[in-house]
Amino acid sequence: MSSVTLTDSSRRQQAALVIAAVASKGSPMLMAIAMAVYIGRAGGSPLSVGLVVTAFFFGWTVCSPIWGALADVTGRRRAVLLVASGLATLATLPLLVVRGVVGPLAVRTVYALFAAAYLPILLTIVNTLGGDDQRGRSVGLFSSAQGAGSTIGQLSAGFLLGLLAPWSLYLVVTLVTAAVFLAVLLVDDPTPAPARSLSVGEVGREVRRRLFPSRESRAHFRTNGLRWLYLAVLFRNVTVLGVGSLLPVYLVETLGLTEATMGALLAINPAGQIVFMYLSGGLADRLGRKPLISVGMAGSGGSAALLALAGSVGARTGQIVVAAVGMFVLAVAFSLLRVGAVSFIGDVAPVDRESELIGFRSTARGLGGIVGPVAVGGLASVVGYGTAFLVASSLAFAAAVLVALTLTESLPEPTATPSA
């Protein structure tokens, strides 16, 4: 495949992809923080507040591969993404009037069913634009923009919560979600179209066949150990999302830090991704995908262990420093893992299955988001936060070992230049 990097595309294309990346991450982040606060104020239990995260990952788990398969089967990735982003925007409108606990959670779940289409399809377009030799850099640039969206969403949530009424803050969420739709209008789809158009019935049957393949139709999951990557991602996300769901309480109530300090510590991860996602892209294209994935998995376990260690440090300053290092390590680890894994899938995926296979990665992540908070939270209620974090870290370390033993490097060998 010839290389067509993002920097070679038009300025309009670059701007559209950056806006889509920022908005696709900023919208769910802003909604999550605002909804958690409003549900708490409405008398919701801690479990209800935790369901804000679970509701979103439920949508990811169920629908990411469905949207990806639909985009691959039809070959009309841009059109599918326009439909999904438009429906996601409409799904946020009930938040202008819905209050309480159950209603907002229901809206969040419906929104997630449509927002689940963002990553599988956008990353397929970005992978294709990067080509074989620039794929890591292309994914890194896009992911860096997403890190910026996450940071903006977190930082703006605190400011807007104190400034706006609930309906007007949710209106901001709607406008940010709509920005994804508007940006996609400007995105040119460089992915190849299928040889022929399928009827609605044929599309439905093909999507079902891909999501529930027969034994003889699963060869693409074995390419370079791809199926083991999904399992490793699940293990890692149980660790990271399980620990992450408890961090606000752990930092404030167990370590005794102020809310402002907690917010600053939590912001280290998304802020660090802005830089490290971009740098990871170059590393992926030079060093390969497997080393980044392995280090990213191990670093995720190291981050959880460092956060556990912070609770055993006596001095308050020491606690803050150790926790800050833990969040910094998580930023680096996630950046390496994200770019390495998406580039790996782009390398090994058949042309007509890339969105689908990226969607299955989101499913693995989503399962971790569903299981992790419950498992680590339940363990913490019995043995305490520190021990629970250490136990959870072992899953991420196991994921690193699994990757090292089962994945085969996918970075294409550079074409040798004939000597004169």
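Biologist: Why is Arg289 called buried?
Modeller: This is a predicted model, and in it Arg289 has a relative accessible area of 0%. The word buried applies under 20%, so Arg289 qualifies.

Biologist: What makes Arg289 and Asp285 a salt bridge?
Modeller: The closest N and O atoms of Arg289 and Asp285 are 3.0 Å apart. The cut-off is 4 Å, from a side-chain nitrogen of Lys or Arg to a carboxyl oxygen of Asp or Glu, so this pair passes. Asp285 is buried, and so is Arg289.

Biologist: How many salt bridges does the whole structure have, and which residues are linked in a network?
Modeller: The search of the whole structure finds 2. Asp285, Arg289 and Asp347 are the residues in the network.

Biologist: Let's turn to the rings. Why is the pair of Tyr250 and Phe389 called edge-to-face?
Modeller: The ring centres of Tyr250 and Phe389 are 4.9 Å apart, with 65 degrees between the planes. Tyr250 lies in helix H9 (residues 226–254) and Phe389 in helix H14 (residues 385–406), so the pair ties together parts that are 139 residues apart in sequence.

Biologist: Are those two residues buried or exposed?
Modeller: Tyr250 has a relative accessible area of 1%, and Phe389 has 0%. Each value is under 20%, so Tyr250 is buried and Phe389 is buried.

Biologist: Which residues is Phe389 in contact with, beyond its neighbours within four places in sequence?
Modeller: Among them are Val243, Leu246, Leu247 and Tyr250, as well as Ala304 and Leu307. Leu246 is 143 residues from Phe389 in sequence, yet 9.5 Å away in space, C-alpha to C-alpha.

Biologist: How many aromatic pairs are there in the whole structure, and which residues do ring pairs link into a cluster?
Modeller: The search finds 11 pairs. Phe56, Phe57, Trp60 and Tyr111 are linked into a cluster.

Biologist: What makes Leu87 partly exposed?
Modeller: The relative accessibility of Leu87 is 32%. Buried would need a value under 20% and exposed one over 50%, so Leu87 falls in between. Leu87 lies in helix H3 (residues 77–92). Together with Val83, Leu90 and Leu93, Leu87 makes a nonpolar surface patch of about 330 Å².

Biologist: Is Ser150 buried or exposed, and how do you know?
Modeller: Ser150 has 6% relative accessibility, which puts it under the 20% cut-off, so it counts as buried. Ser150 lies in helix H5 (residues 118–161). Leaving aside neighbours within four places in sequence, Ser150 is in contact with Lys25, Met29 and Pro270.

Biologist: One last topic. How does the reach of helix H1 compare with the expected value?
Modeller: Helix H1 (residues 11–41) has 31 residues and reaches 44 Å from its first C-alpha to its last, close to the expected 45 Å. Gly43 follows H1, with a positive phi near 95 degrees.

Technical notes. Residues numbered from 1 in each chain as written. Predicted model: local features only at pLDDT ≥ 70, side-chain atom pairs only at ≥ 80, totals over all residues. Heavy atoms only, no water. Phe/Tyr/Trp six-rings, centres within 6.5 Å; stacked < 30°, edge-to-face > 60°. Helix = DSSP H or I, 4+ residues; strand = E, 2+ residues; numbered from the N terminus. Buried < 20%, exposed > 50% of the residue type's maximum accessible area, 1.4 Å probe, protein only. Patch = residues over 30% accessible without salt bridge, like charges linked within 9 Å, V, L, I, M, F, W, Y side chains within 5 Å. Areas by Shrake-Rupley, 256 points an atom, 1.4 Å probe, with all protein chains shown as cover. Expected span 1.5 Å × (residues − 1). Contact = heavy atoms within 4.5 Å.
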